[in-house]
Amino acid sequence: MTTHRVPAPQPPADGTKVSGPASYFPSIERTYGRPVQEWLDLVADRLDDHRHMEVVSWLKAEHGLGHGHANALVGYVRRALDA
């Protein structure tokens, strides 16, 4: 089993609605056809030596993500790494 620096969140067991950056994750998977864990891993690696908005710009330029989706991924990973 692969260990992820920032694991993707699990849906709430009680069926409540997800809020914050993770609320974008189902749409990100549908829109870009890759599991959110792949995006989280890419972002976590990139944040080692790049600033928040540099990673957002990279996701937009290299992978075609929209600004909101890119910002949600980076914000989620930054919060997890800073915890």
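This is a predicted model: local features need pLDDT of at least 70, side-chain atom pairs count only at pLDDT 80 or more; totals for chains, interfaces and linings use all residues.
User: What makes Leu81 buried, exposed or partly exposed?

Analyst: Its relative accessible area is 33%. Buried needs under 20%, and exposed needs over 50%. The value for Leu81 falls in between, so Leu81 is partly exposed.

User: Which residues does Leu81 touch, not counting residues up to four places away in sequence?

Analyst: Leu81 touches Arg5, Val6 and Leu47. Take Val6. Leu81 and Val6 are 75 residues apart along the chain, yet their C-alpha atoms are separated by 7.2 Å.

User: Why does His69 count as buried?

Analyst: His69 has a relative accessible area of 15%. The cut-off for buried is under 20%, so His69 is buried. This residue is found in helix H4.

User: Where are the contacts of His69, not counting residues up to four places away in sequence?

Analyst: His69 touches Tyr24, Ser27, Ile28, Thr31 and Tyr32. As for Arg46, that residue is 23 residues from His69 in sequence and 16 Å away in space, C-alpha to C-alpha.

User: How do you know whether His52 is buried or exposed?

Analyst: Look at the relative accessibility of His52, which is 18%. Buried means under 20%, so His52 counts as buried. His52 is placed in helix H3, residues 52-63. Leaving out residues up to four places away in sequence, His52 touches Leu47, Asn71, Val74, Gly75 and Arg78.

User: How many aromatic pairs are there?

Analyst: The count is two. One of them joins Phe25 and Tyr76.

User: What makes the pair of Phe25 and Tyr76 stacked, tilted or edge-to-face?

Analyst: First check the distance. Ring centres must lie within 6.5 Å to pair, and these are 5.1 Å apart. Then check the angle. The planes stand at 80 degrees, and edge-to-face needs over 60. The pair is therefore edge-to-face.

User: Why does the Phe25 and Tyr76 pair tie together parts that are apart in sequence?

Analyst: Phe25 lies in helix H1 and Tyr76 in helix H4, so the pair links parts 51 residues apart in sequence. Both Phe25 and Tyr76 are buried.

User: Why is the pair of Tyr32 and Trp39 called edge-to-face?

Analyst: The ring centres of Tyr32 and Trp39 are 6.2 Å apart, and their planes are at 75 degrees. The limits are within 6.5 Å and over 60 degrees, so the pair is edge-to-face.

User: Are Tyr32 and Trp39 buried or partly exposed?

Analyst: Tyr32 has a relative accessible area of 22%, so Tyr32 is partly exposed. Trp39 has 2%, so Trp39 is buried. The line between the two labels is 20%.

User: Which residues have the most contacts inside the largest nonpolar core?

Analyst: They are Phe25, Val43, Leu59 and Leu73, in a core of 20 residues. H1, helix H2 (36-46), H3 and helix H4 (67-82) each supply at least two residues of this core. Leaving aside neighbours within four places in sequence, Val43 is in contact with Val55, Leu59, Leu73, Val74 and Val77.

User: What lines the largest pocket, by class?

Analyst: Its lining has seven nonpolar, two polar and two charged residues. Among them are Pro9, Lys17, Phe25 and Glu29. Helix H1 (residues 25-32) gives the largest share, three residues. The space in this pocket is about 210 Å³.

Definitions and conventions:
Residues are numbered from 1 along each chain as its sequence is written. Side-chain values use heavy atoms; hydrogens and water are left out. On a 1 Å grid over the protein atoms alone, a cavity is a set of points where a 1.4 Å probe fits but cannot get out, and a pocket is an open set with protein on both sides within 12 Å along at least five of seven lines; lining residues have an atom within 4 Å of a point. Grid points are joined across faces, edges and corners, and a volume is the space filled by probe spheres set on the points. Helices (H or I, at least four residues) and strands (E, at least two) are DSSP runs, numbered from the N terminus. Ala, Val, Leu, Ile, Met, Phe, Trp, Tyr, Cys and Pro count as nonpolar, Asp, Glu, Lys and Arg as charged, and the others, Gly among them, as polar. Buried means under 20% relative accessible area, exposed over 50%, partly exposed in between (1.4 Å probe, protein chains only). Contact means heavy atoms within 4.5 Å. A nonpolar core is a set of buried Ala, Val, Leu, Ile, Met, Phe, Trp, Tyr and Cys residues joined through side-chain atoms within 4.5 Å. Rings of Phe, Tyr and Trp (its six-membered ring) pair if their centres lie within 6.5 Å; planes under 30 degrees apart count as stacked, over 60 as edge-to-face and the rest as tilted.
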